[in-house]
Amino acid sequence: MQAEDATPLVPGQTKLVKAKTRRGKRYLESRAPKAIEDAKRVLFLYGNQTSQVIKDVITDLYQLKRLEAQKFTRKNENVRPFEPGGETSLEFYCNRNNCSLFVLGSHTKKRPHNIVIGRMFDFHLYDALEMGVEELKGIRDFGAAGTGAQLGNKPCVLFVGEKFESVPAMALAKSLLLDIFRGEPVDKINLAGIDRVVMAVAMDDSRLQLRQYSVRFKKSGTRIPRVALTEMGPRIVFSVRRYRLPPSDLQQEAMKLPKLGKKKEKNVSSDSLAGKVGRIYMPKQSMDTLGLSKYKGTKRERRESAREAAEARKRPKAAQPVTEGPSTE
Amino acid sequence: MAEPETAGPVKVTLQQLGISTGNEHEGSLDIDLGNLCAFDPAPIDTARLTVDPDGTCAEIARGITQALVTKLFNLPAEPIMGGRLAKLPTPVTQLPRALPVPKAKPLTRWQQFAAKKGIVKRKRSKLLYDETTGEWRRRHGYKRANDDNDIPIIEAKATDKPGEDPFAALAAEKRERVKTNRAAQLANLKQAAKKAGPGVLPASLRLAATLPGEGVKVGKGVGKSLRRKELKDDIKTASRLAGISTASIGKFDKRLAGEKPGERAPLGKRRNFMSVTDTKAERSKTGSIAEKLLKERSDDILDIRKAMTRMESEAREERHQAKRKREEESDVRGGAKKARKAGGGGGRRGIKGGKGTAGKASSKGAKGFKGAAGKAGKAGKGRR
């Protein structure tokens, strides 16, 4: 370790600061930009005043995103995403908790039961959408159906209504809701794990309904099962209020596609003599339970020895006081 | 009537039983399998929604989900424990990233050189033959081959001097190599950061500025004495502050052995207030303030004393001249000595007079007459 710090430090120049522990190094590397990103984490927090409705909405949404979310319990009065200086606290919280999405709930006389869903790019405010909660039926109100789906599974996300394309606020809502609900980007999925559907219906220019269903697969006679849905989870009717679109330079940066290198195929190499060669790794086999091949010629012998072994096992159980086992002839 | 034939086993289709996949959603759907997302761009039936929202929504959801599930189950899949693993295509909807795209690192100095020369990296074998032990050992790590630290004997060469330690020399060489390697790494990182910005560095590394007191090793030379002085000053300041942090600001505390008288005294001058009852001092003080103000605000830039002295010296000279003249006239029949004396004096007087007038004129400038008047007046005042 002493040899590593052999370069003398000159005041006024640059030095290299490394992560002090391996754990710290791994943590920093996990937060570094990647070509294909992990699931976006959501930060749930409250504004200056809250109502019971808002608290229920926030808790329900948090329950849906449990592992990929962080919830703040206190009220924060200087978090105002729609005001020029009001996003600094929010950016700081998101940076510290490594969250790229936030859901802010508040309640004022002017904006009752208000929810702001927003995104960050490089932990700077990217865009945000403000909605008011008009109707709410929480997960608890659906009873047992609420436990239908398993946490951590990737849901199917459905958008119904042509307003999602035509109205800009609704288009933003579609993008944000997809970002929140889609979970981790994967390239393979276990088909048995599809058990949740989130549906958003654009009822008109400014109203949006969110419903969730748990999926059960039924027999259909074909390879493809029949889908049976039961409503679970929160049913919320939103009315869209303000929105904030991303600045064009940030948008350009954020929409850049990464250059994906070709994935190296492992355990495959090519030899000049043998051509394409692959390697297979076999698991360890236990020699005791190997299934050896049997030959027809020894069938009778095998049958008799098996019968004798079975009788030998039965007789000591029947004649217990006799220590000597019966002799087989 | 003919007897009914004995019926054989009845074939029932699944459709008759009602087992089917159900109605799929009619109409086109924008399906993004990579995100498990489906979008129905058709206009919705608001009338139906208002009448029976739950039922309509459930129906629509079921239809779209069925379409999505059909597509998913038609994807190429491999069976695993607990289901089938379907291979999803890449997502179609482009959503904004959370962090910027990672930048490509610029090449290091060696990499640039290698690219230019066409040097290709060759893969080294994991095992290496160790001559000293005569066995195959790993190239790096525990019990490595040809380890520098494990050389038992170094044979002396003809060029070796008697006092040198070859093992120490080897160790010093290694330290040098490590030092240059670290410096080169740092230089490469700084160059990369300069070219492409700080985002290009590995996540666990950061370039920071060294502080003024940093890195100065405690050892021989300037560094040690600087640090000692800093520490000594710190201790002295701390001791003084502690000493005056009593109710009487350290005034009645016993002086310790070895302590100099002013060491624990508070810094700074004490304010002194004038006595309230002493009117003479107050008068003189206010008088001096008034004088100062008047002096400052007055126009003339003369020194009054000098002017007075000059005037008086002029007057003296004139009187002296007059006296000499009288003496001359009375002693004209007298000696040449007296005449010479008078001439010398007169000459001198002449020069003096000239100088005096010239000086007077230059010192006054434009304000000549005014000043003279003022001077006369002031001089008069002073005399009075």
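How many residues does the contact take from chain B and from chain A? The contact takes 73 residues from chain B and 83 from chain A. Keep in mind that this is a predicted model.

**Chain B by itself**
- You'll find ten helices and seven strands in chain B.
- Chain B has 384 residues, and 17% of them count as buried.

**Where chain B meets chain A**
- The two chains bury about 7,100 Å² between them, and 64% of this comes from carbon and sulfur atoms.
- On the chain B side, B:Phe73, B:Pro96 and B:Arg97 lose the most area to chain A, together making up 10% of what that side buries.
- There are three salt bridges between the chains.
- B:Arg97 also turns up in a salt bridge, where its side chain meets that of A:Glu37 (3.6 Å, N to O).
- Across the interface, 30 residue pairs are in polar contact.
- Several elements of chain B supply at least two residues each to the side touching chain A, including strand S2 (37-40) and helix H5 (166-196).
- H3(B) gives the most to that side, with 15 residues.

**The nonpolar cores**
- The largest nonpolar core has 42 residues, and A:Val103 and A:Phe159 are among those with the most contacts inside it.
- Helix H5 (residues 168-181) of chain A gives the most to this core: nine residues.
- A second, separate core has 32 residues, including A:Val197, B:Ile64 and B:Phe73.

Technical notes:
Residues are numbered from 1 along each chain as its sequence is written. Chains are lettered from A and ligands numbered from 1 in the order in which they are written. This is a predicted model: local features need pLDDT of at least 70, side-chain atom pairs count only at pLDDT 80 or more; totals for chains, interfaces and linings use all residues. Side-chain values use heavy atoms; hydrogens and water are left out. Helices (H or I, at least four residues) and strands (E, at least two) are DSSP runs, numbered from the N terminus. Buried means under 20% relative accessible area, exposed over 50%, partly exposed in between (1.4 Å probe, protein chains only). A nonpolar core is a set of buried Ala, Val, Leu, Ile, Met, Phe, Trp, Tyr and Cys residues joined through side-chain atoms within 4.5 Å. Contact means heavy atoms within 4.5 Å. Buried area is the accessible area (1.4 Å probe) that two parts lose on being put together, summed over both. A salt bridge is a side-chain nitrogen of Lys or Arg within 4 Å of a carboxyl oxygen of Asp or Glu. A polar contact is a pair of N or O atoms within 3.5 Å; within protein, one must be able to donate a hydrogen and the other to accept it, and residues adjacent in sequence count only if both atoms are side-chain atoms.
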